[in-house]
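Student: Hi, I have this one open in my viewer. Please walk me through it.

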Amino acid sequence: MTERAIPEQYLDGYARILAEVSATGRRLTREEIESRRTLGERAADAGHGLRDLVGAHLAAARAAWPDVPGSADSTLAAVQQVVDAFAEGYEGAQRLAVRQEEAARREFIDDLLYGRSDLGRLAERAERFGLRLSHAHAVAVAQGPAAYDEASAVPRQVEQALIARFGDRDVLLTTKDGRLLCIAPGHEHEVLPYFAKQAHAATDGGRVVIGRPQAGPGGVVQSYEEALSALEMAERLGLDDPVLRATDLLVYPVLTRDRQAMADLVAHTLGPLTTARGGAHPLLDTLTVYFDSGCVAAEAARRLSLSVRAMTYRLDRIHQLTGANPADPAHRYMLQTAVIGARLLDWPAVEL
C-alpha cells in the first residue's frame, strides 16, 4: 500500500490543526488529540499499515508547509503530537484486535478438543485457523516440567521452528491445560515427528505422544484424547522414551479394558509379595527391571546396582512367594502381564 492509497478521511482536520498551531504557537487541545486517536483506531480497523499512515501524515505536513506562516518549531511539535496520538489509537485498536483474536482462537480450541458445538459450524470456524476438518488429522501432545500457555516463550519457539521448516501447511500449534498441542493433516507425516523433536528440546526433555490420524470433523478430538490417554499411560508405566506413538501403546488399553479382571490378576499373582520383608515394592521393581532388560539377570542386576548373586536371590524369592518362576517361559507371560497391570493400577500404593 502506498501513501496515496491512504484515504483522506484519516487526515481530516490535520491541515487546519497545523495552520492554527503554527499561527498561535499553542499545543493541541484535548479534543483534537482524542480525534487523532479515534482516527488511528479506525485506520487500524480498516487494515491500513501504520508505516503508510505515518508517511501520509508527514507528506501532508510537507504539502501544507508553504502555507504555514508561523514558527517551524511549533509546527513540528504539532506534527509530533498528531502522529503520537494517532499511533496510540492505532496500537490500542491492534491490541484489542489481538485479544479478541486470542479469545476466538481459545474458544475454538476448547470447542474442538471437547467435541462441543455443531460439527458443521465447527468446520467453518476451523478454516479460519487453517484446518480442513473433512480431512484426517493427527494430534501430538507435549508435556514438560512446567505449564505453558500461548504467551510463553516455549510455544513461540516451537512454532517458529515449525514455520521455518514447513511454512504454511495447515498446521495449528496451541496449548491446553499447560501442555503443547500440534494439530496437523494426517498425510503430512513429517510434521508431528519434527514437532516432537522441537518440543522435547524446548521443554528441557519433556515427553511427547503422537496420536493416530483420525478422519472427519471429530477426528481431531479423537486423536487428542488418544494421545492424552497414552501420555498418562506412559507416565504410569514409567516409560523412558521421550517420544512415543499412541499406536505403540495400544496393547495397554486392551489390558486394562476389564479393570476388575486385571485387578484380580495382580492380587492373585503378585499379592504374596506384600508378605516379603520391606513389602512388595522392592520385588516388584526387580520384576519390572528384569522384564525391561529382556529377562537377562546380569543386565537387570547392573540397572539395579546389585550383584548378580543378589539379583538371583530376589528372583528365587519371588518364585517362592508367588509360585511363579520369572525365568520360566511358561510363567513369564502371566507375571509380566501382572507387573504391567500393577503399574497401570498404581499397586501397591493404591489398594485393589
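Student: Let's start with α14. Which residues are buried there?

Tutor: In α14, L335, T337, A338, V339, I340, G341, A342, R343, L344 and L345 are buried. Buried means under 20% relative accessible area, exposed means over 50%, and partly exposed is in between, with a 1.4 Å probe and protein chains only. Bear in mind that this is a predicted model: local features need pLDDT of at least 70, side-chain atom pairs count only at pLDDT 80 or more, and totals for chains, interfaces and linings use all residues. Residues are numbered from 1 along each chain as its sequence is written, and side-chain values use heavy atoms, with hydrogens and water left out.

Student: And what do the buried residues of α14 pack against?

Tutor: They pack against α8 (219–237), α9 (251–256), α10 (259–270) and α11 (281–292). The numbering runs from the N terminus over DSSP runs: helices are H or I with at least four residues, strands are E with at least two.

Student: How do the axes of α11 and α14 cross?

Tutor: They come within 10 Å and cross at roughly 115 degrees. The axes are lines fitted to C-alpha atoms, for helices over the stretch in contact, with angles from 0 to 180 degrees between N-to-C directions. The crossing of α11 past α14 is left-handed, the term for a near helix turned anticlockwise from the far one by less than a right angle. On the α11 side the contact is made by L284, L287, T288, F291 and D292, and on the α14 side by R332, L335, Q336, V339, A342 and R343. Contact here is heavy atoms within 4.5 Å.

Student: What span should helix α14 have?

Tutor: Its 17 residues (329–345) should span 24 Å at 1.5 Å a residue, and the end C-alpha atoms are 24 Å apart, so the two agree. The expected span is 1.5 Å times one less than the number of residues.

Student: Nice. What follows α14?

Tutor: D346 does, with a positive phi near 60 degrees. D346 counts as partly exposed because its relative accessible area is 40%. W347 and P348 are then joined by a cis peptide bond, omega about 10 degrees. Most residues other than glycine have a negative phi, and most peptide bonds are trans.

Student: Where is D204 found?

Tutor: D204 is in the loop between α7 (191–202) and β4 (207–210). D204 also has a positive phi, near 55 degrees, without being a glycine. Its relative accessibility is 67%, so D204 counts as exposed.

Student: Over to the sheet. What order do the strands have?

Tutor: The order is β2-β3-β1-β4-β5, in an open sheet of five strands with mixed pairing. β2 (172–176) and β5 (243–245) are the edges: each has a single partner strand, so one side of each is left without a neighbour in the sheet. From one strand to the next, the twist averages 20 degrees.

Student: Which strands run antiparallel, and which parallel?

Tutor: β1 (137–143) and β3 (179–185) run antiparallel, joined by six bridges, with A140 opposite C182. β1 and β4 are antiparallel too, over four bridges, and there Q143 has R207 as its bridge partner. β4 and β5 run parallel, with three bridges between them; V209 is partnered by L244 in β5. Two strands are called paired if DSSP finds at least two bridges between them.

Student: Last one: how far apart are Q81 and M334?

Tutor: They are 81 Å apart in space, C-alpha to C-alpha, and 253 residues apart in sequence. Q81 sits in helix α4 (72–114) and is buried, with a relative accessible area of 14%. Not counting residues up to four places away in sequence, Q81 touches R27, L28 and I33.
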